[in-house]
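Student: Could you take me through one part of this structure closely? I would like to look at the sheet and the charged pairs around it.

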Amino acid sequence: MERLKNMRIGLVELCATLIISSLMIIAGIILGLDLASLIIKLFSGLIKPDMPNFNVIISFLRINSGIQVVMLLAVLIIVGGIVVTLRITRSTLSSLAEKEDTPAIFQKHSGLKIIEVVLGLTAVVAGYFILNLPSQSLVNTVLPAFITIVSGTYLLCHSLLSLVPANWFAKINLTKGKTQLELHHYASVFTIISLLFALTMGALALSHDFNAFPQVIKRGIYYDGVIVSNTANIKNDVAQLKIKKQQTYHYKEAKGHFYFVRNELADNPIKYVKNTGRSNFQVKAIKLDQLNKNSLAGESFRELVPNSSQKDKTIALCSTAELNKVKGKTKYLTLVQLNSFDRDWPFLLKIEHKRAQSNLAYSHLYSNSKAATYQLILGMSKEMKILGYSVAFVFGVSLIIVLMIVVKATKREQKLANERLAQSAWQSKTGLLFFIPATFGVLDVLFGLKFFDQVLPTAYYKVWLPIVLMLLVYFVIYLLTVRRYHKAEF
């Protein structure tokens, strides 16, 4: 009978934990999106530099005021749902455990608790395995993974708390003895705290990961710029660039052909970058027999050549003497690499924009250039970082609120003869509350980030930085909590 009652209490707490966790995630994402939209509206000048044709993804972040109000109302409704769930859970558990006044004895069933630890670990590992399965729909993987991971974390927290000796619980006054109700309650609290901790740290890590996108563009495009116009204005602007290396090719454009000098391409081959996967790049030279093939090498070459007709043309190779016999004006193609792309790309972009305005044949060179692509990705990454930091802020505030609610809810007045013992007991209790969930949270982030490898260049881009930052801030919050409530007792 007692075991059945324990299972019913655990099932109610687990269901409540799943519902509250899912509602918190939905509310946090909505509120984070709303906050990011507000920040972008207020500080758009910091995101959008003074450059021509600056394009960024703004369709889902520049939300109008009406939708923002609706989103806030949705968050209020979700918070109301969390409160209702808590009240129903407390009422249900009170009726189930109204006769449970004596501490539960677990030492005789330590083997069962070890099995529970194994089951919890298995559930968590299975959750991350499901999360990383290939799927066309996120619902098919994220929802089962979420339920499995939260359930596994709950089992781990409950089993670990159950294995702690009952006299140690009494020593630090964590609960009134070690009742099943209190253990399930703390397992639920620890699970929610660990989830909020993981969401906060994960959002910080993903925000930091977006810094990798501009770096991928810099590494993934070999030449910093293409110079094809020889007007006086363009020449003067190009002269101001600090060029590390350049290579020039002469050609003529006919109705269906581009005529290039064979020796120039053979002696100084044009290079391109091939992405071999996981942001690993390999620089390769374009061979002469690849110029007209439908391959990455052929496409990379054609992207560098201005095409006035916008139609595919055959690349013909000839000698300098043969080129002179072809009707038309001899043009040149200069590929440059700058001493510092980070410093000069804005000026290079203005040159390319000015060139595109002077001749439509150069428009595709501008839109596909390294500087223009870098500008686009840089703007996107800035907005995505704002979104990520906004979501991290919302989840972080939620984490602090939950911690403070739990601290105040479990606080009770008790006078101890030894003040030093009282402070030590408080630190032990608060340490459990803070750092057991944090341990699970860090593991959740380290394993959960792999899911984003599908959409990010690398989900672990300098991941140690947000983790260390989060842990330091979390430790400071712990110290402030201990300092403020060092006279308080559960």
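Tutor: β2 and β3 form a hairpin, with 3 residues between them. This is a predicted model, in which local features need pLDDT of at least 70 and side-chain atom pairs count only at pLDDT 80 or more, while totals for chains, interfaces and linings use all residues. Residues are numbered from 1 along each chain as its sequence is written, and side-chain values use heavy atoms, with hydrogens and water left out.

First, the terms. Helices (H or I, at least four residues) and strands (E, at least two) are DSSP runs, numbered from the N terminus. Two strands pair if DSSP finds at least two bridges between them. Strands of a sheet pair through backbone hydrogen bonds, either parallel or antiparallel.

Strand β2 covers residues 243-253 and strand β3 covers residues 257-261. Their pairing is antiparallel, over 3 bridges. Find K252: Y259 in β3 stands opposite.

Strand β6 (residues 314-318) pairs with β3 in the parallel sense, over 5 bridges. Here H257 has T314 in β6 as its bridge partner.

Go back to β2 and look at strand β7 (residues 331-338). β2 and β7 run antiparallel and are joined by 8 bridges.

The order is β1-β7-β2-β3-β6, an open sheet of 5 strands with mixed pairing. At the edges are β1 (225-227) and β6, each pairing on one side only. On average, neighbouring strands of this sheet are turned by 35° against each other, direction ignored. Such angles run from 0 to 180 degrees between N-to-C directions, and the axes are lines fitted to C-alpha atoms, for helices over the stretch in contact.

A helix belongs in this picture too. Helix α13 (residues 341-358) lies across β1 and β7, at about 40° to β1. Contact here means heavy atoms within 4.5 Å.

Next, the charged pairs. A salt bridge is a side-chain nitrogen of Lys or Arg within 4 Å of a carboxyl oxygen of Asp or Glu. The structure holds 5 of them. Buried means under 20% relative accessible area, exposed means over 50%, and partly exposed is in between (1.4 Å probe, protein chains only).

Start at E253 in strand β2. K313 forms a salt bridge with E253, with the closest N and O atoms 2.7 Å apart. K313 lies in the loop between α11 (296-304) and β6, so this pair ties together parts that are 60 residues apart in sequence. K313 and E253 are both buried.

E253 has another partner. The side chains of K331 and E253 meet in a salt bridge of 3.1 Å, N to O. This links distant parts of the chain: K331 is in strand β7, E253 in strand β2, and they are 78 residues apart. E253 counts as buried because its relative accessibility is 17%. K331 is partly exposed because its relative accessible area is 32%. Through shared partners, salt bridges join E253, K313 and K331 into one network.

Finish by β1. D224 and K370 meet through their side chains in a salt bridge (2.7 Å, N to O). D224 lies in the loop between α8 (212-220) and β1, and K370 in helix α15 (residues 370-409), so the pair ties together parts that are 146 residues apart in sequence. Both D224 and K370 are buried.
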